[in-house]
Amino acid sequence: MKRFTRYLVLQDGLSEFVGQVISWITLGLIGVLLIEIVARYFLNAPTIWAHELSTMLFGAFCILAGSYALRHHDHVRSEVIYALMPPRVQGFFDTIVFGLGLVVLAVFFRLSVDFAAASWAMNEFSARSVWQPPLYPIKTVIPIAVGLLLLQNIAEFLRALLRCLGVAFEDPRSEEDEHVAETHAPETLH
């Protein structure tokens, strides 16, 4: 089980690292939008590149944030009935969900690799603006993001499977969950 815990630490650490790195994209996005606002409204000289670049930065941010969101349980889940179930039943349903996720993400990963490779092969450029930036770098982000999400999904699947089977394991994330619960607990009056 020590190897499994070490694997979880590494995978969660990768997703955490990616999330922290891509959070800086927001500063780039804000910078691009500020340049466009100043150029357009104060200098009366709009840029030909800001809109398309901001779209690419926001798209990259959104898809790369998937593994970070999954690592922190920030994905969409209806917890009304789920929270009432015992841990093994929760693990059973999570095993099904993450198992299906593995299949879908594996197919999507294969398709996204082909999509990016085709863009590189044709040296694809955008036709949406006069700027005409290359599209192959942003299309390469798609399989990278799907691959990162697939890796985090594998970790979540294994966690769920062990919970479903009732196998005790040391989940490095459980300490974080306890810390979050303590910091968000309502204060009691004496």
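**Exposure, packing and backbone in the predicted model**

Biologist: Why is Arg6 called exposed?

Modeller: Arg6 has a relative accessible area of 52%, and exposed means over 50%, buried under 20% and partly exposed in between, with a 1.4 Å probe and protein chains only, so Arg6 counts as exposed. This is a predicted model, in which local features need pLDDT of at least 70 and side-chain atom pairs count only at pLDDT 80 or more, whereas totals for chains, interfaces and linings use all residues. Residues are numbered from 1 along each chain as its sequence is written, and side-chain values use heavy atoms, with hydrogens and water left out.

Biologist: Where is Arg6 found, and what separates its C-alpha atom from that of Asp114?

Modeller: Arg6 is found in helix 1, a helix here being a DSSP run of H or I with at least four residues, numbered from the N terminus. The C-alpha atoms of Arg6 and Asp114 are separated by 33 Å, and the two residues are 108 apart along the chain.

Biologist: What makes Arg159 buried, and which residues does Arg159 contact?

Modeller: Arg159 is found in helix 7 and has a relative accessible area of 1%, which puts it in the buried class. Contact means heavy atoms within 4.5 Å, and, leaving aside neighbours within four places in sequence, Arg159 is in contact with Phe4, Leu8, Asp12, Gln152, Phe169, Asp171, Pro172 and Arg173. The C-alpha atoms of Arg159 and Phe98 are 9.9 Å apart, while the two residues are 61 places apart in sequence.

Biologist: Why is Ile96 called partly exposed?

Modeller: The relative accessible area of Ile96 is 39%, so this residue is partly exposed. Ile96 is found in helix 6, and its C-alpha atom is 9.0 Å from that of Leu161, a residue 65 places away in sequence.

Biologist: How do you know that helix 6 and helix 7 are roughly antiparallel?

Modeller: Two packed helices are described by the angle between their axes and the distance between the axes. The axes are lines fitted to C-alpha atoms, for helices over the stretch in contact, and angles run from 0 to 180 degrees between N-to-C directions. For helix 6 (residues 87-121) and helix 7 (residues 136-165), the axes come within 7 Å and cross at roughly 160°. Angles over 145 degrees count as roughly antiparallel, under 35 as roughly parallel, 65 to 115 as roughly perpendicular and the rest as oblique, and helix 6 and helix 7 are therefore roughly antiparallel to each other. By class, their contact has 24 nonpolar, 10 polar and five charged residues, where Ala, Val, Leu, Ile, Met, Phe, Trp, Tyr, Cys and Pro count as nonpolar, Asp, Glu, Lys and Arg as charged, and the others, Gly among them, as polar.

Biologist: What makes helix 2 and helix 3 roughly antiparallel?

Modeller: The axes of helix 2 and helix 3 cross at roughly 165° and come within 9 Å, so the two helices are roughly antiparallel to each other. Among the residues that make the contact are Ile25, Leu29 and Val32 of helix 2 and Leu53, Leu57 and Phe61 of helix 3. The residues of this contact divide into nine nonpolar, three polar and one charged.

Biologist: Which residues make up the largest nonpolar core?

Modeller: The seven residues are Val18, Ile22, Ala60, Leu64, Val141, Ala145 and Leu148. A nonpolar core is a set of buried Ala, Val, Leu, Ile, Met, Phe, Trp, Tyr and Cys residues joined through side-chain atoms within 4.5 Å. Helix 1 (2-22), helix 3 (50-64) and helix 7 each supply at least two residues of this core, and the largest share, three residues, comes from helix 7. Ala145 touches Ile63 and Leu64, not counting residues up to four places away in sequence.

Biologist: Why does Asn44 count as exposed, and what is its phi?

Modeller: Asn44 has 68% relative accessibility and therefore counts as exposed. Most residues other than glycine have a negative phi, whereas Asn44 has a positive phi of about 55° although it is not a glycine. Asn44 lies in the loop between helix 2 (25-42) and helix 3.

Biologist: What makes His73 partly exposed?

Modeller: With a relative accessible area of 34%, His73 is partly exposed. His73 lies in the loop between helix 4 (66-71) and helix 5 (79-82), and it has a positive phi of about 60° although it is not a glycine.
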